[in-house]
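Please view the model alongside the text.

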Amino acid sequence: MMNKCLKIAILAVVPCLIAAQSTQAQNQEILVSDKSVVCLAKNMYYESRNQGIAGQLAVSAVVLNRVNDNKFPDTICEVVKQGPTRSSWKDPKIKIPVKHRCQFSWYCDGRSDNPKNKELYETYLNLAESILLNEVPFLDITDGATFYHADYVLPAWAKQKTKTTEIEDHIFYRWEQL
């Protein structure tokens with residue numbers, strides 16, 4: 001993926017990226033897979049595209065916090081796609097996510113996972129790549145959250161977690177270490 005200037009205003013927190021990649025960024029590119037960038041970008045797109053940059057970064061922080069927590073999968077794509085699966089009726093070797101049972105609802109809602117707003121999605125691809133290559137300062141504004149939900153619902157699990165913050169229409173939580 002090509003590194004471009006971000007097309008969204010980030011309130012002077014993130015500088016506009018220079019198109020030419022540094023040697024350090026080129027070396028880091030080996031460690032950051034295109035799949036990870038796509039998974040993080042799609043999660044931002046579907047979970048927070050109606051939010052400001054704080055909401056988008058908070059949703060991304062939850063994914064990254066989960067990757068770093070041994071209670072969750074070890075990669076960005078595994079975290080984003082986490083949930084129960086079933087065998088396909090066409091080919092039992094193919095596993096399909098169980099509808100409405102994933103950690104991130106967009107992944108198993110039965111709708112296409114191809115973003116309709118290509119320009120906005122491209123922005124998220126650039127932002128995800130910049131975050132994963134450490135080209136922009138990334139501060140976890142969720143205080144270590146590994147869960148969130150919309151403010152108009154109250155899932156049963158929320159009572160068992162520690163609330164860390166509210167950002168736009170999401171409420172963020174974390175497990176306390178025992």
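## Helix 2 against helix 3

This is a predicted model. Helix 2 spans residues 34-48, and helix 3 spans residues 53-67. Their axes come within 9 Å and cross at roughly 130 degrees. Helix 2 and helix 3 are therefore oblique to each other. The crossing of helix 2 with helix 3 is right-handed.

Helix 2 brings Leu40, Asn43, Met44, Glu47 and Ser48 to this contact. Helix 3 answers with Gly55, Gln56, Val59, Ser60 and Val63. By class, the contact of helix 2 with helix 3 has four nonpolar residues, five polar and one charged.

## Helix 2 against helix 5

Helix 5 covers residues 118-132. Helix 2 packs on helix 5 at about 125 degrees, and the two axes lie 8 Å apart. That angle makes helix 2 oblique to helix 5. Here too the handedness can be stated: helix 2 and helix 5 form a right-handed crossing.

On the helix 2 side, the contact uses Ser36, Val37, Val38, Leu40, Ala41, Lys42, Met44, Tyr45 and Ser48. On the helix 5 side, it uses Leu120, Tyr121, Tyr124, Leu125, Leu127, Ala128, Glu129 and Leu132. The residues of this contact divide into 13 nonpolar, two polar and two charged. Leu40, Met44 and Ser48 of helix 2 meet helix 5, and these residues also take part in the contact with helix 3.

## Helix 3 against helix 5

Helix 3 and helix 5 pack at about 50 degrees. Their axes are 12 Å apart. The pair is therefore oblique. Helix 3 and helix 5 cross in the right-handed sense.

From helix 3 come Ile53, Gln56, Leu57 and Leu64. From helix 5 come Tyr124, Leu127, Ile131 and Leu132.

## The largest pocket

How much space lies in the largest pocket? The volume is about 970 Å³. The lining has 31 residues. Nearest the centre of the pocket lie Glu47, Gln103, Phe104, Ser105 and Trp106.

Which elements give two or more residues to the lining? They are helix 2 and strand 3, the latter at residues 147-150. Strand 3 gives the most, with four residues. By class, the lining of the largest pocket has 13 nonpolar, nine polar and nine charged residues.

Notes: Residues numbered from 1 in each chain as written. Predicted model: local features only at pLDDT ≥ 70, side-chain atom pairs only at ≥ 80, totals over all residues. Heavy atoms only, no water. Axes fitted to C-alpha atoms, helices over the stretch in contact; angles between N-to-C directions. Parallel < 35°, antiparallel > 145°, perpendicular 65-115°, else oblique. Left-handed = near helix turned anticlockwise from the far one by under 90°. Contact = heavy atoms within 4.5 Å. Nonpolar A, V, L, I, M, F, W, Y, C, P; charged D, E, K, R; others polar. 1 Å grid on protein atoms, 1.4 Å probe; cavity = no way out; pocket = protein on both sides within 12 Å on 5 of 7 lines; lining within 4 Å. Points joined across faces, edges and corners; volume = space filled by probe spheres on them.
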